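Please open the structure in your viewer and keep the selection tool at hand. This tour moves from one selection to the next and says what is found at each stop.

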Amino acid sequence: MAAVTIELRNVEGTQAAMGWAGAHTVVVDRPEGKAGGMGLGFNGAQLLALGGCFCNDLRYAAHELGVGLGRIAVSVTVELEGAPLLTTAATMSVQCEMEDGSDASTVIEKAKAICMVANSLGRGFPVAIAQTGRS
């Protein structure tokens with residue numbers, strides 16, 4: 001079993017947070033004017049990671065199939081509702097060009113089959129939240 005840990009800490013002088021995993025960082029905030037947000041970074045819905053994961057999985061699928069990809073464009077729309085706010089649906093539009101100009105359907109279907117985020121969200125998984133000592 002593999003595990004990945006992402007750390008987040010508040011950014012001094014703001015109500016935003018800086019997140020990191022290894023050498024990679026991201027700023028997390030709320031939209032300006034929402035609960036002290038300043039719009040400094042991505043919000044939770046934007047960080048759902050569905051599109052980024054799918055872009056990577058297109059590359060993994062193409063590699064496994066031994067084909068080359070050209071331009072990729074992925075757009076994700078996340079529908080939110082309720083209190084607490086929940087994601088109720090996500091729609092992803094994918095444009096994928098093959099280097100040789102052929103149809104990309106096989107690569108897209110393979111990426112759909114292996115997309116960790118899409119498969120995890122579609123099946124659901126338990127989330128544990130536990131308070132730890134002061135940091």
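This is a predicted model: local features need pLDDT of at least 70, side-chain atom pairs count only at pLDDT 80 or more; totals for chains, interfaces and linings use all residues.

Residues are numbered from 1 along each chain as its sequence is written, and side-chain values use heavy atoms, with hydrogens and water left out.

Now widen the selection to the whole of H1 (residues 50-65) and H3 (residues 116-123), whose axes come within 7 Å and cross at roughly 130°. That makes H1 oblique to H3, since angles under 35 degrees count as roughly parallel, over 145 as roughly antiparallel, 65 to 115 as roughly perpendicular and the rest as oblique. The axes are lines fitted to C-alpha atoms, for helices over the stretch in contact, and angles run from 0 to 180 degrees between N-to-C directions. Helices (H or I, at least four residues) and strands (E, at least two) are DSSP runs, numbered from the N terminus.

Glu64 lies in helix H1 and Lys110 in helix H2 (residues 105-114), so the pair ties together parts that are 46 residues apart in sequence. The structure holds five salt bridges, and another one of them joins Arg30 to Asp29 (3.6 Å, N to O). Is Asp29 buried or exposed? Asp29 is buried, with a relative accessible area of 2%, whereas Arg30 is partly exposed at 27%; buried means under 20% relative accessible area, exposed over 50%, and partly exposed in between (1.4 Å probe, protein chains only).

Next, select the open sheet of three strands, which has the order S1-S2-S3 with antiparallel pairing. Its edge strands are S1 (7-10) and S3 (24-28), each of which pairs on one side only, and two strands pair if DSSP finds at least two bridges between them. Four bridges join S1 to S2, with Asn10 standing opposite Ala17 in S2, and in the hairpin of these two strands Gly13 takes a positive phi near 85°. Strand S2 (residues 17-21) and S3 pair over five bridges, among them the one between Met18 and its partner Val27 in S3.

Finally, move to strand S4 (residues 69-81) and strand S5 (residues 86-98), which pair in the antiparallel sense over 11 bridges. Select Val74 to find its bridge partner in S5, Val94, and then follow the hairpin into its turn, where four residues lie between the strands and Gly82 has a positive phi of about 95°.

How values were computed:
A salt bridge is a side-chain nitrogen of Lys or Arg within 4 Å of a carboxyl oxygen of Asp or Glu.
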